[in-house]
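Please examine the sequence and the three-dimensional structure shown below. The paragraphs that follow lead through them step by step.

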Amino acid sequence: MTSDTMRTISKANPLGGNCLQLEWSDGTVAQVVLPDVPELAGVEVGDWGHSLVWPDGTEIGADSLWLDTLSAIGRGDSRLFLKWRLANGLSLAKAAEALGLARRTVAYYSNGDRPVPKTVLLACKGWAATHRRKAA
């Protein structure tokens with residue numbers, strides 16, 4: 001069964017400036033820039049790889065860093081799709097139902113395993129706009 005991949009951070013290596021190389025449990029490696037972090041010195045992988053932690057207590061969650069990783073590896077389409085899903089609190093099944101797609105397809109798009117067609121991204125925008133109007 002295809003599901004959201006539970007990725008954790010395996011390693012975090014500062015590269016200078018605000019650039020950091022992240023290694024993920026699924027083997028993905030990417031260089032990400034963290035503009036809101038003044039210094040990368042002392043950064044460590046948090047408990048169970050679910051975050052990065054600094055000595056002063058600053059912490060960034062793996063979900064947020066995975067979105068940055070998707071952009072860094074050229075998967076902006078997957079980033080937009082996953083961000084839409086998360087922002088609307090949609091499970092794989094609910095997103096599939098909302099878009100008229102198979103649950104497996106939604107998992108592939110969410111995990112960055114397959115490119116997300118522009119038509120699907122447009123459908124996500126339309127869905128979000130429609131549901132904002134209903135909530136208002």
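Is C19 buried or exposed? In this predicted model, C19 has a relative accessible area of 18%, and because that value is under the 20% cut-off, C19 counts as buried. C124 is also buried, with a relative accessible area of 4%. As background, a disulfide is a covalent bond between the sulfur atoms of two cysteines. A search of the whole structure for such bonds returns 0 disulfides.

Salt bridges are the next topic. A search of the whole structure finds 3 of them. One joins D26 to R7, with the closest N and O atoms 2.7 Å apart. This pair connects distant parts of the chain: D26 belongs to the loop between β2 (19-24) and β3 (29-33), whereas R7 belongs to the segment before β1 (9-16), and the two are 19 residues apart. The partners can also be described by their accessibility. D26 is partly exposed, at 37% relative accessibility, while R7 is buried, with a relative accessible area of 9%.

Another salt bridge is formed by D68 and R79, whose closest N and O atoms lie 3.7 Å apart. Because D68 lies in helix α1 (residues 62-72) and R79 in helix α2 (residues 76-87), the pair ties together parts that are 11 residues apart in sequence. D68 is partly exposed, its relative accessible area being 25%. A further salt bridge links R75 with D77, and here the closest N and O atoms are 3.1 Å apart. Both R75 and D77 are buried.

The helices themselves can now be considered. Two packed helices are described by the angle between their axes and the distance between the axes. For α1 and α2, the angle is about 150° and the axes are 7 Å apart. The arrangement is therefore roughly antiparallel. On the α1 side, the contact is made by W66, L67, D68, L70 and S71; on the α2 side, it is made by G76, S78, R79, L82 and K83.

How do the axes of α2 and α3 cross, and within what distance do they come? They cross at roughly 105° and come within 10 Å. This makes α2 roughly perpendicular to α3. In α2, the residues F81, W84 and R85 meet L92, A95 and L99 of α3.

Which residues of α3 are buried? In this helix (residues 92-99), they are L92, A95, A96 and L99. These residues lie on the same side of α3, because they cover an arc of only 100° around the axis. The general principle is that an α-helix has 3.6 residues a turn, so residues three or four places apart point the same way. Among the buried residues of α3, L92, A95 and L99 meet α2.

α3 is followed by G100, which has a positive phi, near 70°. G100 is located in the loop between α3 and α4 (103-111). With a relative accessible area of 66%, G100 is exposed. The C-alpha atoms of G100 and V120 are separated by 9.9 Å, and these residues are 20 residues apart along the chain.

Note on methods:
Residues numbered from 1 in each chain as written. Predicted model: local features only at pLDDT ≥ 70, side-chain atom pairs only at ≥ 80, totals over all residues. Heavy atoms only, no water. Buried < 20%, exposed > 50% of the residue type's maximum accessible area, 1.4 Å probe, protein only. Helix = DSSP H or I, 4+ residues; strand = E, 2+ residues; numbered from the N terminus. Arc of directions from axis to C-beta. Disulfide = S-S within 2.5 Å. Salt bridge = Lys/Arg side-chain N within 4 Å of Asp/Glu carboxyl O. Axes fitted to C-alpha atoms, helices over the stretch in contact; angles between N-to-C directions. Parallel < 35°, antiparallel > 145°, perpendicular 65-115°, else oblique. Contact = heavy atoms within 4.5 Å.
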